[in-house]
Amino acid sequence: MSYLDLDNLSKSFKDDKIISNLNAKIEKGEFFVVFGPSGSGKTVLLRLLSGIMMADSGEIKMDNQIINELHPEERDVSMAFQNFALYPHMKAYENIASPLRAKNKNMPENEIHEKVNEIANLLKIGHVLNQFPKELSNGQKQRTSLARSLVDKPSVVLLDDPLRNVDAKIRFEMRLELPKVLKEFNTTVIYITQDFREAMALGDRIAVLYDGKFNDIDSPKNIYQNPSSLTTAKLFGDPTINNFDATIKKQNGFVEVDVNGEHF
Amino acid sequence: MSINVWSILKFFAYVAIIMFFLFPIAWIFNMSFMTNDEILRKVPVLFYEPTFKNYIGLWEGEIAIEGFATMYVYFKQNLINSAILSVGSVSVTLLLGVPAAYAFARYKFKGGEDIAFTLLSFRFAPALLIILPLNLYFSEIGLYDSYFALIWVYQLITLPLLLWIVRGYFEDISPDIEYAYRLDGHSWFQSFWKISIPLAKPGIAAASLLCFIYAWNNFVFALILGSSQIQPVTVGALAFITASAIPYGLIACGIVVSVLPTLILALFIQKYLVQGLSLGAIKG
């Protein structure tokens with residue numbers, strides 16, 4: 001039985017179908033990467049899962065419960081935003097402590113302190129807890145936002161292209177570090193990216209999103225080696241793969257290929 | 001050398017501009033410590049013995065002007081009225097305007113823009129245009145001469161102002177910040193109270209200050225819709241000018257006292273006005 005079950009999910013804006021009849025089954029503890037070109041509806045999908053947007057039709061089941069109609073605060077889901085979305089008037093410490101203060105109203109201050117420091121040290125931002133977001137570098141902001149989404153150990157963590165707004169060096173470091181950190185929490189991760197390298201490096205499975213639905217859902221290796229369509233194949237690889245028209249014939253036990261009059 | 005000449009010219013230009021704006025205020029401040037005699041002297045006196053007679057007279061409600069009979073003023077009551085009307089108006093405006101501004105900023109609903117514009121259009125109509133019908137209605141339904149009625153009418157001035165200023169500030173806050181707070185497990189109201197309002201605070205402060213100034217300075221509504229019992233300083237000051245005498249010192253003194261609350265409020269609110277807190281919150 002899968003943990004997160006997306007069943008015929010659809011969402012459109014006016015006449016624009018962003019997501020149409022999308023299906024997926026995601027296992028508990030899985031690192032599930034949603035990969036697709038920009039404008040393919042990745043962020044909309046995350047917003048449906050988090051409850052920021054409501055689906056037009058279809059079902060989202062979590063642990064066998066339909067959560068379609070639940071408000072964001074009622075779902076056991078956290079999210080790290082592409083633009084970090086830190087609270088500018090609170091210090092990094094309070095930013096990270098926010099989920100703890102909301103969900104466990106009676107959590108004693110020393111327990112909050114302990115948890116915030118634990119996650120901050122894990123993400124190496126222990127030294128910036130007393131600073132406001134505007135005093136942090138982009139890398140630190142991004143770690144703070146990650147810490148906030150992980151501190152309360154939610155069942156599902158949604159990461160909306162978290163490495164997009166950080167510089168190349170940090171992105172490279174985080175690509176190695178992130179899976180390790182997330183493994184410690186044993187949480188289900190849905191990770192959105194439009195960088196195929198990131199998708200290949202991080203995902204247990206990759207779902208390729210375009211035309212409003214998942215066209216391939218498979219392990220990185222399988223997708224890379226056996227893409228289901230030319231569109232998927234083109235999305236992986238830099239520079240993109242070459243393609244050309246050819247005629248393939250089987251003759252005398254050999255495979256013959258005709259390309260623009262050339263015979264192989 | 002040419003730079004030096006420029007900077008000297010600039011210095012004098014600044015002095016001239018500052019003099020132009022500040023001199024009347026400084027002179028009124030000066031006048032408030034003079035007797036009527038000293039004020040009316042042909043060659044203005046710069047050195048005189050300051051007197052607090054005007055202030056004492058204003059406070060006690062009666063003042064003897066040389067050569068004339070004793071004058072009675074209700075300035076203290078006017079000042080209290082001004083405070084009640086302005087604070088009341090701004091409070092009602094904040095209570096109604098801030099949630100309304102948030103709604104206009106965040107939610108697109110049918111006719112929303114039209115409603116917002118209609119509210120703004122209240123500011124286009126000259127006060128004199130609506131004051132007569134209002135006067136008739138208010139007399140009819142027994143609202144004439146009450147604080148409630150004036151505070152209500154003041155909303156025509158203050159509410160659109162606050163609504164349109166604060167709306168812009170709410171629009172500048174990324175909705176993602178509010179969503180993030182709700183995903184943390186807070187309710188909608190908590191995110192409004194703990195995220196949206198603090199982030200829009202500079203706008204709310206600026207708008208409140210402007211509303212307060214508009215309400216404090218209002219003259220026409222209070223003149224027509226209230227008796228001397230509830231009239232503010234702007235109208236009350238009229239009583240200083242009588243057929244027998246114009247006590248300039250007393251008027252100056254009244255001006256100084258009535259400017260003070262706005263001035264103090266402006267200084268107090270200044271720190272909120274310059275708070276650029278949302279800078280750096282969102283990757284732009």
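This is a predicted model: local features need pLDDT of at least 70, side-chain atom pairs count only at pLDDT 80 or more; totals for chains, interfaces and linings use all residues.

Student: Fine, sheets first. In what order do the strands of the 4-stranded open sheet in chain A run?

Tutor: The order across that open sheet of chain A is β2-β1-β4-β5, and the pairing is antiparallel. The edges are taken by β2 and β5 (65-66) of chain A, each of which has a single partner strand, so one side of each is left without a neighbour in the sheet.

Student: How many bridges join β1 to β2 in chain A?

Tutor: Strand β1 (residues 4-13) and strand β2 (residues 16-26) of chain A are joined by 7 bridges and run antiparallel.

Student: Which residue of β5(A) stands opposite A:Met62?

Tutor: In β5(A) that residue is A:Gln65, and the pairing of β4(A) with β5(A) is antiparallel over 2 bridges. These two strands make a hairpin with 2 residues between them, in which A:Asp63 takes a positive phi near 55°.

Student: What is the order of the open sheet of 3 strands in chain A?

Tutor: That open sheet of chain A has the order β11-β12-β13, again with antiparallel pairing. Its edge strands are β11 (247-251) and β13 (262-263) of chain A, each of which pairs on one side only. Between β11(A) and strand β12 (residues 254-259) of chain A there are 5 bridges in the antiparallel sense, and A:Ile248 has A:Val257 as its bridge partner in β12(A).

Student: Switching topic, how much area do chain B and chain A bury between them?

Tutor: Together they bury about 2,300 Å², with 60% of it on carbon and sulfur atoms. The contact draws on 26 residues from chain B and 28 residues from chain A.

Student: How many salt bridges does the rule find across the interface of chain B and chain A?

Tutor: The rule finds 2 salt bridges across that interface, and one pair in a salt bridge is B:Arg182 with A:Glu73, whose side chains meet at 2.9 Å, N to O. Across the interface of chain B and chain A there are also 8 residue pairs in polar contact, both residues being at pLDDT 80 or more.

Student: Which helix gives the largest share of the side of chain B that touches chain A?

Tutor: On that side of chain B, α8 (175-183) and α9 (188-199) of chain B each supply at least two residues, and the largest share, 7 residues, comes from α8(B). Sorted by class, the side of chain B that touches chain A has 13 nonpolar, 8 polar and 5 charged residues.

Student: Now inside chain B: where do the domains lie?

Tutor: Chain B is divided into domain 1 (2-72) and domain 2 (75-273), and the centres of these two domains of chain B, taken over C-alpha atoms, are separated by 31 Å. Their contact takes 16 residues from domain 1 of chain B and 18 residues from domain 2 of chain B.

Student: What area is buried between those two domains, and which residues of domain 1 lose the most?

Tutor: About 1,400 Å² is buried between domain 1 and domain 2 of chain B, and carbon and sulfur atoms give 83% of that area. In domain 1 of chain B, the residues that lose the most area to domain 2 are B:Ile28, B:Leu58 and B:Met71, together 38% of what that side buries.

Student: What is the count of salt bridges and polar contacts there?

Tutor: Between domain 1 and domain 2 of chain B the count is 0 salt bridges and 2 residue pairs in polar contact, both residues at pLDDT 80 or more. On the domain 1 side of this contact in chain B, α1 (2-31), α2 (36-39) and α3 (53-60) each supply at least two residues, and α3(B) gives the largest share, 4 residues. By class, the side of domain 1 of chain B that touches domain 2 has 13 nonpolar, 3 polar and no charged residues.

Note on methods
Residues are numbered from 1 along each chain as its sequence is written. Chains are lettered from A and ligands numbered from 1 in the order in which they are written. Side-chain values use heavy atoms; hydrogens and water are left out. Two strands pair if DSSP finds at least two bridges between them. Contact means heavy atoms within 4.5 Å. Buried area is the accessible area (1.4 Å probe) that two parts lose on being put together, summed over both. A salt bridge is a side-chain nitrogen of Lys or Arg within 4 Å of a carboxyl oxygen of Asp or Glu. A polar contact is a pair of N or O atoms within 3.5 Å; within protein, one must be able to donate a hydrogen and the other to accept it, and residues adjacent in sequence count only if both atoms are side-chain atoms. Ala, Val, Leu, Ile, Met, Phe, Trp, Tyr, Cys and Pro count as nonpolar, Asp, Glu, Lys and Arg as charged, and the others, Gly among them, as polar. Domain bounds come from an automatic or database domain assignment.
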